[in-house]
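Morning, everyone. Please look at the model on the screen, and I will walk you through the inside of it.

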Amino acid sequence: MAGLTPAACRLDATGRREQAARYRRLSASVADVTRRDDALDVTFAAGVDLALLEAAVDVERACCPFFDLRLDDRARTLHVAVSDRHERPALDALAAAMHPEGDAHG
């Protein structure tokens with residue numbers, strides 16, 4: 001994840017680079033990002049590569065068990081939540097990785 005590696009994350013350096021590349025590719029299809037204290041909601045455009053999105057979510061599930069990830073393929077939405085406030089920085093990193101290209105606000 002973009003610049004942040006929570007202690008519980010199980011990805012090695014290569015895995016982090018590969019996941020970051022997935023997020024860069026997906027960011028072009030992000031329609032909206034909503035960040036709340038303990039959750040992140042990402043809505044994707046109709047043209048999103050669903051196979052790539054599913055692969056990214058599968059990697060997150062395997063490497064970052066502190067994330068509660070819910071992907072709705074039909075609505076093209078991803079909901080990510082954490083249960084511990086100490087895990088919130090991981091949501092910030094994920095939000096930064098998912099922002100549409102050129103979108104500098106949080």
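When I say contact, I mean heavy atoms within 4.5 Å. Buried means under 20% relative accessible area, with a 1.4 Å probe and protein chains only. Helices (H or I, at least four residues) and strands (E, at least two) are DSSP runs, numbered from the N terminus.

This is a predicted model, where local features need pLDDT of at least 70, side-chain atom pairs count only at pLDDT 80 or more, and totals for chains, interfaces and linings use all residues. Residues are numbered from 1 along each chain as its sequence is written, and side-chain values use heavy atoms, leaving out hydrogens and water.

Start with α2, residues 50-63. Its buried residues are Leu52, Leu53, Ala56, Val57, Val59, Glu60 and Cys63. Down the axis of α2, they fall within an arc of 160° (taken from the directions from the helix axis to the C-beta atoms), so they line one face of the helix. What covers them? The cover includes α1, β2, β3 (68-72) and β4.

Next, α3, residues 88-98. Buried there are Ala90, Leu91, Ala93, Leu94, Ala95, Ala97 and Met98. They pack against α1 (13-27), β1 (30-36), β2 (39-44) and β4 (77-81).

Now the core. A nonpolar core is a set of buried Ala, Val, Leu, Ile, Met, Phe, Trp, Tyr and Cys residues joined through side-chain atoms within 4.5 Å. The largest one has 29 residues. Val42 is among those with the most contacts inside it. Elements giving two or more residues to this core are α1, β1, β2, α2, β4 and α3.

Last, Val42 itself. Leaving aside residues up to four places away in sequence, Val42 touches Val30, Asp32, Val33, Arg76, Thr77, Leu78 and Met98.

Definitions and conventions:
Buried means under 20% relative accessible area, exposed over 50%, partly exposed in between (1.4 Å probe, protein chains only). The expected span of a helix is 1.5 Å times one less than its number of residues.
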